[in-house]
Amino acid sequence: MFDLVIRNTSEIVTCDGAGTPEEVLKPIPKGAIGIKSGRIDWLGPESELPGEADDVIDARGSFVGPGLVDPHTHLVFGGDRSAEFEQRCRGATYLEIANAGGGIKRTVEATRAATEKELAYGAVPRLVNLLAHGVTTVEVKSGYGLEVNAELKMLRAIKALEGVQPVTLVPTLLALHTRGEGWLEAVLDDLLPRAAEAKLAVFCDAFVEKSAFTVDEARRVLTAAKELGLQPRLHVDQLTPGGGAELAAELGAATADHLEHVSPEGIAALARSGTVAVLAPTSTLFLRERKYAPGRALADAGVPVALCTNCNPGSSMTENVSLVMGLACLECGLTPAEAYLGFTRNAARALKLPDAGRLFVGGPADVVVYQCPSYRTLPYHLGQSEVRQVLKGGLLCWELGRVVRKSSLRGVADGPR
Ligand code: NIG
């Protein structure tokens, strides 16, 4: 009666509960899932499984959870900035490189020179890497165009990319990323109306930072975007404190991202507004900054905390979800349960996708089968994917490759313990 059954689990972590982080996880010990027509048709203890299926996935005693959600990436871009990485290894800072004409502006040049197709295909390997970590939904930003047609080209590339691979993409117009002559006016008069009219983006984003845009400029653009139906979100307090979290709260933004230098007043404002904090600890590591976002203080204040890879060529060239979770625990003070919710339930909330990031009857069969018995291993096994299989809409779309063996262990004695 099912198309597919997943059985022999240690537990199914549904992320569909309420209350404390551990309660939100709402695991079903030795659970099973029945999938039909791409959706979850049955969920419960395997001992109560009501039917059979032609296809069975044996989880081999490992845990099973929802497809992960990465709520902040810049996956689509042209060019390569590995030379800047080397400069930073030799001591140059991110801002010094940017002030000398490198940084975001270097990616802008390469992105302008690329075709829509080149941009879309260029992001496929990065998406596959995310899939290998169990990610089935990803937010992707523009922001490397810095001219109207190039920004629209980026958004169209994101749309094209959606069609050639299984991961759901949520497009964001990153309207204010780096400064350019007359850019603010071009955004207000031309880019916002055209992006909204063509329905190329769900969110509109702005980078509030000393080296980028002011609180007033971001307020102006995001207020206009909101009137056109684009939901505001913001990069704030990343390299210096700047009142960005307070602005995110004032605008009722979906998310306030980064927050390494957020003030106590900013944390209180986010808690009142219900804005989701999206932390990017691999950026802190990658930029050799010492100040990680205060995840513990944010969670204790009642701010919903999500995590992201922030995969981008300048400040976080990684798709490694496990590393992000590990750093969120070790450096931002989250518990493993909070880190796991940061890529499931809270990440889905950041993108305003109520059906993603959790497993429930009637919901999409976006499911990850791991090769470890507990979610706690994900941040603990630092930087390694524990994923064995990924299903998107009930279809197997990623499976751990076979290891080439030189010989077998047959005949090898167990020996004394
Ligand atoms: O989220 N902070 C601004 N934007 C990116 C960095 C982009 C780049 O350097 O190319 C970030 O860290």
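User: Which residue lies over the face of Phe77, and at what distance from the ring centre?

Analyst: That's Arg126, and the distance from the ring centre is 3.8 Å. Keep in mind that we're looking at a predicted model.

User: Where else does a charged end sit over a ring?

Analyst: Have a look at Phe360: the charged end of Arg358 sits over that ring, 3.9 Å from its centre.

User: OK, on to ring pairs. What describes a pair of aromatic rings?

Analyst: You need two things: the distance of the centres and the angle of the planes. Searching the whole structure turns up four aromatic pairs. Take Phe63 and Tyr370: their ring centres are 4.2 Å apart and their planes are at 5°, so this pair is stacked.

User: Where do Phe63 and Tyr370 lie, and how many residues apart in sequence are the parts that the pair ties together?

Analyst: Phe63 is in the loop between β6 (53–58) and β7 (64–66), while Tyr370 belongs to strand β16 (residues 367–370), so the pair ties together parts that are 307 residues apart in sequence.

User: Are Phe63 and Tyr370 buried or exposed?

Analyst: Buried means under 20% relative accessible area. Phe63 comes out at 0%, so Phe63 is buried. Tyr370 has 1% relative accessibility, so Tyr370 counts as buried too.

User: What about Tyr340 and Tyr375: what are their centre-to-centre distance and the angle between the planes?

Analyst: They're 5.7 Å centre to centre with 25° between the planes, and the pair is stacked. Planes under 30 degrees apart count as stacked, which is the cut-off you need here. Tyr340 lies in helix α14 (residues 336–342) and Tyr375 in the loop between β16 and α16 (377–380), so the parts tied together here are 35 residues apart in sequence. For burial, Tyr340 has a relative accessible area of 0% and is buried, and Tyr375, at 5%, counts as buried.

User: Which residues do ring pairs link into a cluster?

Analyst: The cluster holds Phe63, Tyr340, Tyr370 and Tyr375.

User: Last one: His72. Where is it, and is it buried or exposed?

Analyst: You'll find His72 in the loop between β8 (68–70) and α2 (82–89). Its relative accessibility is 0%, so His72 counts as buried.

User: Which side chain does the side chain of His72 make a polar contact with, and which residues does His72 touch?

Analyst: The polar contact is with the side chain of Asp257, at 2.7 Å. Leaving out residues up to four places away in sequence, His72 touches a set of residues including Glu139, Lys141, Arg233, His235, His258 and Cys308.

Definitions and conventions
Residues numbered from 1 in each chain as written. Predicted model: local features only at pLDDT ≥ 70, side-chain atom pairs only at ≥ 80, totals over all residues. Heavy atoms only, no water. Helix = DSSP H or I, 4+ residues; strand = E, 2+ residues; numbered from the N terminus. Buried < 20%, exposed > 50% of the residue type's maximum accessible area, 1.4 Å probe, protein only. Polar contact = N/O pair within 3.5 Å; in protein donor to acceptor, adjacent residues only side chain to side chain. Contact = heavy atoms within 4.5 Å. Phe/Tyr/Trp six-rings, centres within 6.5 Å; stacked < 30°, edge-to-face > 60°. Lys NZ or Arg CZ within 6 Å of the ring centre and 35° of its normal.
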